[in-house]
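Here are my notes for anyone opening this entry for the first time. Have a look at the structure below, then read through the points in order.

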Amino acid sequence: MLAAMPDSAPSPVSAGGASPRAGGDACPGTLRLHRADDGALARVRIPGGVLDPGRADALLVAAERFGDGELHLTSRGNVQLRGLGTECGGGLAALLADAGLLPSAAHERARNIVASPLAGLDGSPSLAGWLAELDRLVCGSPAAAALSGRFLFALDAGGGDVDALGADVTLIAEGPDALLRIGAEDEVFRIPAGEGPRAALLAAEAFLRAARDSGAWRVKDLPDDVRAELVHAIGSAAGDPEHRPRPRTAKTPDPGAVTGPHGNAAATAATATATTTAAICVDVPLGQLTPAQWQLLTDTARRYGNELRLTPWRGIVVPGPFDEGGAAEALRNLAAAGLITTPESPWTGVGACIGHPGCAKSLSDVRAEAGAAVGPVGRLPVYWSGCERRCGHPHGEWIDVVVTPGGHRISHVRGERRDPPATVRNDPAALAATVAAARA
């Protein structure tokens, strides 16, 4: 067994200046709402993005009863409810708790877990056991309740998709082993797969001890020497590190049918063939779903694999198995409802923050601007931000469009590198052309 990391291992040193925790953890949850210009906002954590139809129904009821009726997907595979009344908190919490979406009031904002959305469907290993165990361990740890709403766990099926997101603690499946990564370090620790969830929790608890004095919310916020001590302390329990650089850009699921060699866990020996359509995948324009779209997705899941998986790229995977006609019919219906079902859609790769009028800090209605600028499919994703905070922006390589007082700043981001930007002032046609050229 992997031993617990010693309490005394990292002795943090203040980074100097204001502590990252000086203003308090402002991340919204379901018990503490965030006030926005379009009403209060709740963020419902969905570990691994996995929902059964009953819980999906409960989210729709909550959106329609307390909010604006729509469901907003986040870059961590969670759901935001917007337009809430400020007095709805008790009723909302009760509804979500009854549906099993609030298993621990103390840990509701700490349950930030992303997982490879095609795990177990496309030939990669299933992560269902890891996901259930890690969520159980987090909710059962008194210390983990102190994790901020920004701290992130990632469970990667081996393809590097969520490993590329730069989570604070990442588990990567590799045969009988798990690879444990801390932050964005290029080294991993190899441990038995069965010890993975416990090791991830112990690493998170070790981070909390390291962050006591520095006030860091996330591993990347730690001073360099404290972060090095944290990794060393974890390594002393887990063994020698292996060099394994983190992928810089995620390979996201393409919209459409997903084929797999064995189908999913619901497939029987008779239906699990080499030609099984294991799932279908759709992307959601700007991550915003109407009640009718959400209901259609839920009904599709109920008819087939009885599950929805929300992706960190604001898409949804519906596991099957599907027969050929069933997959084609489901994709036609979802396309008719306005969802993205092929990579050739002009909306593929286009994202935006909520913008004006939903956010007081936004300098523009970036969602309308993104829609007006939609054109040929670009090689790179593009993300529109209404201010310099760039809430919800992607990771890896993308085209960054930020509204500033002097105009729209367009730049090519490659991880930590950013090309010299171009700025477009008050010219929608020039803006659309500049963004299209940058994406191409």
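1. A definition to begin with: a residue is called buried when its relative accessible area is under 20%, exposed when it is over 50%, and partly exposed in between, using a 1.4 Å probe and protein chains only. By that rule Ser-385 is buried, because its relative accessibility is 1%. Across the chain, buried residues make up 53% of the 440 residues.

2. Some housekeeping. What you see is a predicted model, in which local features need pLDDT of at least 70 and side-chain atom pairs count only at pLDDT 80 or more, while totals for chains, interfaces and linings use all residues. Residues are numbered from 1 along each chain as its sequence is written, and side-chain values use heavy atoms, with hydrogens and water left out.

3. On overall shape, the radius of gyration is taken over C-alpha atoms, and the globule rule is 2.2 Å times the number of residues to the power 0.38. For 440 residues a compact globule would come out near 22 Å, and the chain's 21 Å agrees with that. The C-alpha trace spans about 60 × 55 × 45 Å along its principal axes.

4. Now the secondary structure: the chain has nine helices and 22 strands. These are DSSP runs numbered from the N terminus, with helices being H or I of at least four residues and strands being E of at least two.

5. Which strands make up the open sheet of five? The order is β3-β15-β16-β13-β12, with antiparallel pairing. Because β3 (50–51) and β12 (256–259) sit at the edges with a single partner strand each, one side of each has no neighbour in the sheet. Two strands count as paired if DSSP finds at least two bridges between them. Inside this sheet, β15 (residues 308–310) and β16 (residues 315–322) are joined by two bridges, and Arg-309 stands opposite Val-317 in β16.

6. Next, have a look at β2 (residues 39–44). Five of its six residues are buried, so the strand is largely enclosed by the rest of the structure. β2 pairs with β1 (residues 34–36) in the antiparallel sense over three bridges, and the two form a hairpin with two residues between them. His-34 faces Leu-41 across that pairing. β2 is also joined to β5 (residues 79–84), again antiparallel, by four bridges; there, Ala-40 has Leu-84 as its bridge partner.

7. Back to Ser-385, which lies in β18 (residues 382–385). Contact means heavy atoms within 4.5 Å. Leaving out residues up to four places away in sequence, Ser-385 touches Cys-353, Val-366, Arg-390, Val-401, Val-402 and Val-403. For the chain, residues 24 or more positions apart account for 64% of the contacts with a separation of 6 or more.

8. Two loop residues are worth a glance. Gly-338 sits between α7 (324–336) and β17 (350–352) and counts as partly exposed, at 39% relative accessibility. Beyond its neighbours within four places in sequence, Gly-338 is in contact with Pro-285 and Gln-293. Gln-293 is 45 residues away along the chain, with 7.9 Å between its C-alpha atom and that of Gly-338. Ala-105, in the loop between α2 (89–98) and β6 (113–115), is exposed, with a relative accessible area of 51%. Between Ala-105 and Ala-370 the C-alpha distance is 37 Å.
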